[in-house]
Structures are given as structure tokens and as C-alpha cells.
Amino acid sequence: MASPRISACIVAYCDYEEVCAAVRSVLAHTPAPDFRLFVVDNASPDGCGDRLLAEDFADPRVTVRKLDENLGFGKGHNSVLPDIQALGSQVHFILNPDILLQNDVLTGMAAWMLARPEVVMATPQLFYPDGRRQDLPRRKPTPWLLLARQLVERFPRGVFARANDHYLMRDEDLSVERPIQFCTGSFAAVRSEVFCKAGGFDPDYFMYVEDADLTQKMLQHGQVFLVPQFHAVHAWHRAPMRDAGRFRMQLVSMGRYFKKWGVRSRAPRR
């Protein structure tokens, strides 16, 4: 059986060393000769883009591009949509620059998806560098669930904790394959044709909630799955919400999301 045609994109913003580690990890653990990895620098102010352009990864499968302005997470990934189509990619991977692979996850996940035509998006189980499991598969956001998510650290018991556990699907068995409603943008596999048809990420989001929005777009075309038999390491650098600018940006993105998709949750498609 022929290997699946796969592509991937990492959108970088500063942190040159971390980006390089992710790129080398992906290249080392993805042996497919026709695999293509795009590294898009989002006009990093620390010179990361120029250093990436000058970096010799000694692998013709990697393409580095430096954008003239910071387009945001989603539009940075959307910049490679024409390349995905030109390559005839079957499965495309959206990867954070703080991801490290430990085996050939991309080929395995792509083959898994292509054997299931009903699945259009999937995510593996991600772990912290110290081995702890990350709670990234989630239910569809609602205002109440996101409020509980913000308040649970201050009020770790009671109604907020129960709502947060429900949002993070801690009341489900996440050790087996299962449909989910919110696929993290840290590491997502998308059926390339569907991703391009849907226009990629909604460009109206600069940062925050764009992955929840993309999940809802992909659910219009099929199922979204957690596949925990595949795994990777994710450093997960969470920006503190004490930053007023970031908090306002998050509120704007949440408002756009709820206006577009509504405020109620629903059962995942099966």
C-alpha cells in the first residue's frame, strides 16, 4: 500500500531554538520522501524569521517562509493553503512550534484517517515533557463552561470544578478512540481537501478560539476524533490572562465564536 501524501505547517513567532527543535523532530520522525513541512514565521520581532531562513535543515522537504507582518495564528496557517492543494496532500497537520515527536505519528495518523472516510479531523494524546497527560480534547465551548474554566483555579471545588471536568471530558474514557467537539490547534490532522474547501481557519480571529471555530467548520463535513494510540510531547506555553491586552483579545474572539456558533453545547456527531 502506498504511503499517504501528507503535509504539515508550523507557524513560528519568536523562540528560534524551540522552533528548530520542533522542525528537526518532525523531519527525523517522518520518513516519507514526499512529505512537505512548511515553517511560516509570523514576522517575529526577535529575528527568528531571518535565522530560520538562514538555517540549513539539510532536508529538501522543509520550506521556510517569512511573512512581512504578523497575520495571527490562523492566517499564518492559511498562507500554505495553495501549497497543500498543489501538492495533492491527502492529510495536513497543524502543529505548534512547541511540539516534539517521538515516533512516526504523522504517517500513522494519516493512514488511520484515510481508512475512515467519515473522519475529517483528529488529534493525538499530548503529554507534558515530564510525562503528565494534557487535558486537550474538550466539549464544545459554552459561556458557562469557559467561565468555569477561568474561575476553577480560584475556586477548585464545587460547581466550577464539576463544570470544568465536564468541559475537559474527564467524565469520559479518553484512553480509547472517541468523537470530540473541540480539537486543539496545537496538533491537529485535517483531511486536506476538506480543510481547503472550508477555507482553513476563519481569518477574522487573530488569536484564541480559532481552533474551536475550525473544529465546528470541520464537523459540518464529518467527524472529529481523539486517537490516543498516537501521542506526542507538547510544552504548552500558556500566556497569563493577567495581561489585559491578551484578555481583551480572548473576549473578542469568544464573542465572535458564540455569535457564529451559538451558546449551547450539543452531542458530537457519530
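Trainee: Which residues form one aromatic cluster with F73?

Mentor: This is a predicted model, and in it one aromatic cluster brings together three residues, F73 being one of them.

Trainee: How many aromatic pairs does the count come to, and how are the rings of F195 and F201 arranged?

Mentor: Rings pair if their centres lie within 6.5 Å, and by this rule the count comes to 6 aromatic pairs. For F195 and F201 the ring centres are 6.2 Å apart and the planes stand at 90°. Planes over 60 degrees apart count as edge-to-face, so the pair formed by F195 and F201 is edge-to-face.

Trainee: Are Y257 and F258 buried or exposed?

Mentor: The rings of Y257 and F258 have their centres 5.4 Å apart with planes at 80°, so this pair is edge-to-face. As for their accessibility, a residue must be under 20% relative accessible area to count as buried, and both Y257 and F258 are buried.

Trainee: Over which ring does the charged end of R138 sit?

Mentor: A charge can sit over a ring, and R132, for example, lies over the face of Y128 at 4.2 Å from the ring centre. The charged end of R138 is placed 5.9 Å from the centre of its ring, which belongs to F182.

Definitions and conventions: Residues are numbered from 1 along each chain as its sequence is written. This is a predicted model: local features need pLDDT of at least 70, side-chain atom pairs count only at pLDDT 80 or more; totals for chains, interfaces and linings use all residues. Side-chain values use heavy atoms; hydrogens and water are left out. Rings of Phe, Tyr and Trp (its six-membered ring) pair if their centres lie within 6.5 Å; planes under 30 degrees apart count as stacked, over 60 as edge-to-face and the rest as tilted. Buried means under 20% relative accessible area, exposed over 50%, partly exposed in between (1.4 Å probe, protein chains only). A charge sits over a ring if NZ of Lys or CZ of Arg is within 6 Å of the ring centre and within 35 degrees of the ring normal.
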